[in-house]
Structure formats: structure tokens, C-alpha cells
Amino acid sequence: MKRDLIINTEWCKGCGICAAFCPKGALKVVEEKVQKVEGAGCVLCGMCEQRCPDYAIYIKESEE
Amino acid sequence: MVDMTNVSKNTMNTADIIYKYMRPEHLPHIWCPGCGNGIILRAIAQAMENAKIDRNKTVLVSGIGCSSRAAGYIDCNSLHTTHGRAIAFATGIKMAHPELEVIVITGDGDSSAIGGNHLIHAARRNIGLTVVVMNNNIYGMTGGQYSPTTPHLEYGTTAPYGNIDQPFDIAELAMGAGATFAARGAVYHSALLAKTIEKGIRHKGFSIIDVASLCPTYYGRKNKKGSAVDMMRYQKDNTVMVEKAKTMTEEELNGKIVIGVLRDKEAPEYSEEYAKLVEKVKGGNK
Ligand code: SF4
Ligand code: SF4
Ligand code: SF4
């Protein structure tokens with residue numbers, strides 16, 4: 001099972017909640033849209049997904 | 001799309017929740033950036049999944065206010081009603097069709113001011129509704145007037161010098177009126193919130209979950225509470241689990257939001273009692 005962090009930029013309203021409570025500091029908001037911080041070591045814990053008010057960030061599970 | 005009908009895990013992927021429970025064509029929702037209502041809506045969808053209720057036999061009823069938009073986003077039988085009357089409409093639905101799962105999504109103003117009367121009587125009768133209160137401590141949709149849950153001395157557009165009223169505690173109010181299940185939740189603790197709402201759905205009889213939401217746009221701005229992130233952090237630092245609260249003094253609990261199930265007890269459910277009465281009267285006429 002492959003797991004990836006997906007950001008739906010169209011739905012993101014840039015509130016910053018996901019970034020503020022990410023245990024790894026793996027997200028940042030730039031010009032009102034969230035982005036991944038490369039190399040910050042996202043652990044795919046899903047806390048951002050649980051708290052995003054706009055369903056704009058989530059972990060996607062796929063085969064292989 | 002994978003069939004998730006039999007999935008019993010506690011967290012469902014957001015993409016799955018959206019495709020299974022929501023009406024994605026209506027998303028992104030209308031709520032402001034950082035509004036807590038979206039988090040509560042997700043928790044409701046998660047709770048519906050966990051409680052394994054059939055969406056075709058579920059009715060979601062809302063009133064008026066920011067909270068009322070919720071009914072439009074979940075794909076089940078929906079009823080967007082008049083201000084304060086969500087519980088009254090829901091009572092009618094439950095009486096006509098007791099087999100349906102009836103969930104009310106309301107706000108602090110909708111449920112405890114305009115609809116306060118309906119709330120206490122539904123609680124008193126123990127009718128099988130699940131009421132989720134998106135409590136943002138203000139009237140958001142109409143521009144920030146103070147509501148019955150605006151804390152003492154805080155501000156609203158109609159309380160420019162500070163609110164002299166004492167606030168309602170909606171969960172306590174419902175328990176005082178006889179609610180057999182009452183709980184409090186907070187959007188910061190979103191996973192726990194979903195579990196709490198699930199318990200409310202499973203409960204037979206009247207259940208209410210009073211949820212501390214976030215309204216950065218009006219309540220936050222009027223009261224200098226900072227951004228949505230600051231308001232979330234406030235919840236993080238000031239929520240106490242009900243079990244822990246029992247070991248704390250009144251002084252220690254001052255200003256804290258106690259979350260979890262506050263009451264869960266059994267009592268005869270109203271629509272069932274009514275059905276029994278109908279049977280009895282019919283039998284008597286033979
Ligand atoms: S999954 Fe966890 S670690 Fe990764 S970005 Fe989200 S909150 Fe941060
Ligand atoms: S919590 Fe959601 S809406 Fe807010 S910044 Fe993160 S992805 Fe965007
Ligand atoms: S006014 Fe407040 S409660 Fe209403 S959508 Fe905006 S943030 Fe949410």
C-alpha cells in the first residue's frame with residue numbers, strides 16, 4: 001500500500017491550521033495556499049487531514 | 001471508488017468521505033477560511049460511517065445561520081428549515097417516521113435563542129434526535145451580534161461596550177431539561193469529536209453534542225482572539241477531558257472547556273411510547 005499526502009490547492013483557503021499543528025513542520029502557507037516543506041520529513045500521521053476545515057489536504061492510499 | 005460500506009476503521013480517508021457522504025459539486029463550502037464548521041461537518045460524516053447508518057434512511061435537518069449550510073453538503077435526505085425551528089421539524093419527521101435516523105445541525109443562536117423552547121421540550125420528551133450544535137459564540141451569518149453563548153463581558157456588534165448577559169452552557173441546559181445523552185466537543189480534538197458524535201447517534205433517545213467551533217471572522221475579530229490558528233491553540237490549551245475534570249477544583253476548571261460524554265442514560269424514547277399508546281387505544285376500541 002502506497003500512501004501520499006495530497007493537497008487540493010483549489011479548495012485550500014490558506015487558514016494555516018494544518019501547518020500550525022503539523023508535528024514535523026512539514027507544511028507552510030504561501031500566498032494563502034498551503035505547500036509542502038520539502039525535506040521536513042512528513043510522517044503521514046494525518047493530523048492535517050483531520051483538522052483541515054476545507055478537506056483540502058489528505059493522505060491518499062493506493063495499490064503498489 | 002472502493003466500496004467502503006463495511007469498513008469499520010475509525011478514520012476514513014477524506015477523499016472517501018467526500019465521495020461517500022458529501023456533495024462534492026457544492027464544495028468548497030461557503031464558510032470562511034479557518035471556520036470550525038467544516039471540521040465539525042467532517043466529524044459528522046465520519047460518525048455516520050462509524051455508526052453504520054444508512055444514508056437513505058437518514059435525515060439531516062438544519063435551521064438558519066452559518067451552521068445551517070451544513071445540511072446542503074451531506075448527501076442524504078436534507079431539510080433546511082426556518083430560524084430556530086430545526087428541532088421542531090425534526091420532531092415532526094421522527095413522529096411520522098420513527099424508523100428514520102434524524103440528525104439536527106444547528107448553531108448556538110438557532111438552538112438556544114430562537115429555538116430554545118424546541119430544544120428544551122425535545123430534551124424533556126427524550127425524542128430520538130441527535131442534535132449537533134456548531135457553537136461559535138456569536139451570530140456569524142448576520143454580522144456578529146452577541147448570542148446566548150457569548151461569554152460575559154465579551155463583544156459583539158450589538159454589545160459594543162461588552163455583553164452584560166451571563167451565557168448559557170447548552171449541554172448543561174439540555175441536561176437540566178432532561179436530555180438522556182449530552183456531550184461536549186471541540187474542533188481541535190476532531191478525532192475525539194467524531195467518536196463523541198458517533199455515540200450520540202447510537203444513543204436511543206435525545207442526544208446533544210455541543211461543539212466549540214471557531215468563528216475567526218466575527219467572534220474572533222470582535223474579541224481580539226487572533227487568527228483561526230490562535231483560536232485553535234486556545235482550544236488545545238484549554239480543553240479538559242471530562243474524566244480529568246472530575247479530579248479538578250472549580251477554580252482549576254475556571255475558563256476550561258470540559259469535553260467528552262457528560263451524561264449517557266437510558267429512558268423510554270418518545271416516538272416508541274407514542275406507538276405503544278396508539279396500540280393501546282386501538283385495542284381498547286375493539
Ligand atoms: S501527515 Fe502529519 S507530518 Fe505529514 S504534513 Fe500532515 S500533519 Fe504534517
Ligand atoms: S488547513 Fe486546509 S484550508 Fe487551511 S491551510 Fe491547511 S490545507 Fe489549506
Ligand atoms: S462568520 Fe464565523 S461561523 Fe460564519 S462562516 Fe465565517 S467564520 Fe464560520
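User: Which residues of H1(B) and H2(B) meet each other?

Analyst: This is a predicted model, where local features need pLDDT of at least 70, side-chain atom pairs count only at pLDDT 80 or more, and totals for chains, interfaces and linings use all residues. Residues are numbered from 1 along each chain as written, chains are lettered from A and ligands numbered from 1 in written order, and side-chain values use heavy atoms, with hydrogens and water left out. Contact means heavy atoms within 4.5 Å, and helices (H or I, at least four residues) and strands (E, at least two) are DSSP runs numbered from the N terminus. From H1(B) come B:Thr14, B:Ile17, B:Lys20 and B:Tyr21, and they meet B:Arg42, B:Ala45, B:Gln46, B:Met48 and B:Glu49 of H2(B).

User: How do the residues in that contact of H1(B) with H2(B) divide by class?

Analyst: Ala, Val, Leu, Ile, Met, Phe, Trp, Tyr, Cys and Pro count as nonpolar, Asp, Glu, Lys and Arg as charged, and the others, Gly among them, as polar. The contact of H1(B) with H2(B) has 4 nonpolar, 2 polar and 3 charged residues.

User: At what angle do the axes of H1(B) and H2(B) cross?

Analyst: Axes are lines fitted to C-alpha atoms, for helices over the stretch in contact, and angles run from 0 to 180 degrees between N-to-C directions. Angles under 35 degrees count as roughly parallel, over 145 as roughly antiparallel, 65 to 115 as roughly perpendicular and the rest as oblique. H1(B) and H2(B) are therefore roughly perpendicular to each other. Their axes come within 10 Å and cross at roughly 80 degrees.

User: How many residues of H1(B) are buried?

Analyst: Buried means under 20% relative accessible area, exposed over 50%, partly exposed in between (1.4 Å probe, protein chains only). The buried residues of H1(B) are B:Thr14, B:Ala15, B:Asp16, B:Ile17, B:Ile18 and B:Tyr21. They pack against H2 (47-51) and strand S4 (57-62) of chain A, together with H2 and helix H3 (70-73) of chain B. H1(B) is mostly covered, and the buried count is 6 of its 8 residues.

User: Which residues touch the most other members of the largest nonpolar core?

Analyst: A nonpolar core is a set of buried Ala, Val, Leu, Ile, Met, Phe, Trp, Tyr and Cys residues joined through side-chain atoms within 4.5 Å. The largest one has 63 residues, and the members that touch the most others are A:Leu27, B:Leu41 and B:Ile197.

User: Which helix gives the largest share of this core?

Analyst: The share is 8 residues. They come from chain B, from helix H2 (residues 37-50).

User: Which class has 10 residues in the shell around ligand 1?

Analyst: A residue is near a molecule or strand if one of its heavy atoms lies within 4 Å of it. Around ligand 1 we find A:Leu27 and A:Met47, among others. The shell has 1 polar residue and no charged ones, and the class with 10 is nonpolar.

User: Is B:Leu153 buried or exposed?

Analyst: B:Leu153 has a positive phi of about 70 degrees, although it is not a glycine. Its place is the loop between strand S6 (145-146) and helix H7 (170-176) of chain B. With a relative accessible area of 52%, B:Leu153 is exposed.
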